[in-house]
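Welcome, and please open the structure in your viewer.

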Amino acid sequence: MSHTPYGYIIVNGKAVIDKKAAVQIRELFQAYLSGLSLAYAAKKVGLKRYHASITGILSNKRYIEDDYYPQIIDDGIFEKAQTERLRRAQMLGRIREPAAQKAVIQSLHFSAPSPKQLYDDPFKQAEYAYSLIESEVITDSE
C-alpha cells in the first residue's frame, strides 16, 4: 500500500480517522475557501507544510471517495476547493493552453559522386567514400 495520507492512521490493518488531524484538514479547506492563500490557510490551522504538500491535501480525493479510507471532507466542499484552485491558477496565469505546433515534415536528399581514388586500406576507402556524401534537408514550410 502507498503512503498513508495525513488525517488517517492505520489500526489493525484498517484506516481510521485521526481526529485531531481531521479537524485541521476540515479547517484548512474552510480557510482556503474563505480566501486565504495556501500558506496562510495552513498556518492558521497549525499545519507546518510546504506549498506542494498543502496542495496535495486540498486535491487528495481519498478524503471524499475511497474504499479503504473513511470520508473526512464533504463532497461539495471538496469540489468548491477544486474550483477555487483552478480559478486562482487561471487568475495568476499558471494555466496556459499549449500553442498548437505546426508539423514540420523534413525529408533528406543524399547524393554521392563516384569515387575518384581507390585505397588499399578498406577503412581509408570507407572514410573517403563517406566524405563524398552530400546531404540536403528539405523542409516543408506551408
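This is a predicted model: local features need pLDDT of at least 70, side-chain atom pairs count only at pLDDT 80 or more; totals for chains, interfaces and linings use all residues.

Begin by selecting helix 2 (residues 38–45) and helix 3, which pack at an angle of about 80° with their axes 10 Å apart. An angle from 65 to 115 degrees counts as roughly perpendicular, so helix 2 is roughly perpendicular to helix 3. Now show the side chains where they touch: helix 2 brings Leu 38, Ala 39 and Ala 42, while helix 3 brings His 51, Ile 54, Thr 55 and Leu 58. Colour these residues by type and you will find five nonpolar, two polar and no charged.

## Stop two: helix 1 meets helix 3

Which residues make the contact? From helix 1, select Ile 25, Leu 28, Phe 29 and Tyr 32; from helix 3, select Ile 54, Ile 57 and Leu 58. This contact divides into seven nonpolar residues, no polar and no charged.

## Stop three: the largest pocket

Next, turn to the largest pocket, with a volume of about 240 Å³. To see its lining, select Tyr 32, Ser 37, Leu 38, His 51, Thr 55, Arg 85, Arg 88, Ala 89, Leu 92 and Arg 94. The lining is made up of four nonpolar, three polar and three charged residues. Helix 3 (51–58) and helix 4 (75–91) each supply at least two of the lining residues. Which helix gives the most to the lining? Helix 4 does, with three residues.

## Stop four: a pair of rings

Finally, look for aromatic pairs, of which there are five. Select Tyr 8 and Tyr 69: their ring centres are 4.7 Å apart and their planes lie at 50°, so the pair is tilted. Tyr 8 sits in strand 1 (residues 8–11) and Tyr 69 in the loop between helix 3 and helix 4. The pair links distant parts of the chain, 61 residues apart.

Methods. Residues are numbered from 1 along each chain as its sequence is written. Side-chain values use heavy atoms; hydrogens and water are left out. On a 1 Å grid over the protein atoms alone, a cavity is a set of points where a 1.4 Å probe fits but cannot get out, and a pocket is an open set with protein on both sides within 12 Å along at least five of seven lines; lining residues have an atom within 4 Å of a point. Grid points are joined across faces, edges and corners, and a volume is the space filled by probe spheres set on the points. Helices (H or I, at least four residues) and strands (E, at least two) are DSSP runs, numbered from the N terminus. Ala, Val, Leu, Ile, Met, Phe, Trp, Tyr, Cys and Pro count as nonpolar, Asp, Glu, Lys and Arg as charged, and the others, Gly among them, as polar. Axes are lines fitted to C-alpha atoms, for helices over the stretch in contact, and angles run from 0 to 180 degrees between N-to-C directions. Angles under 35 degrees count as roughly parallel, over 145 as roughly antiparallel, 65 to 115 as roughly perpendicular and the rest as oblique. Contact means heavy atoms within 4.5 Å. Rings of Phe, Tyr and Trp (its six-membered ring) pair if their centres lie within 6.5 Å; planes under 30 degrees apart count as stacked, over 60 as edge-to-face and the rest as tilted.
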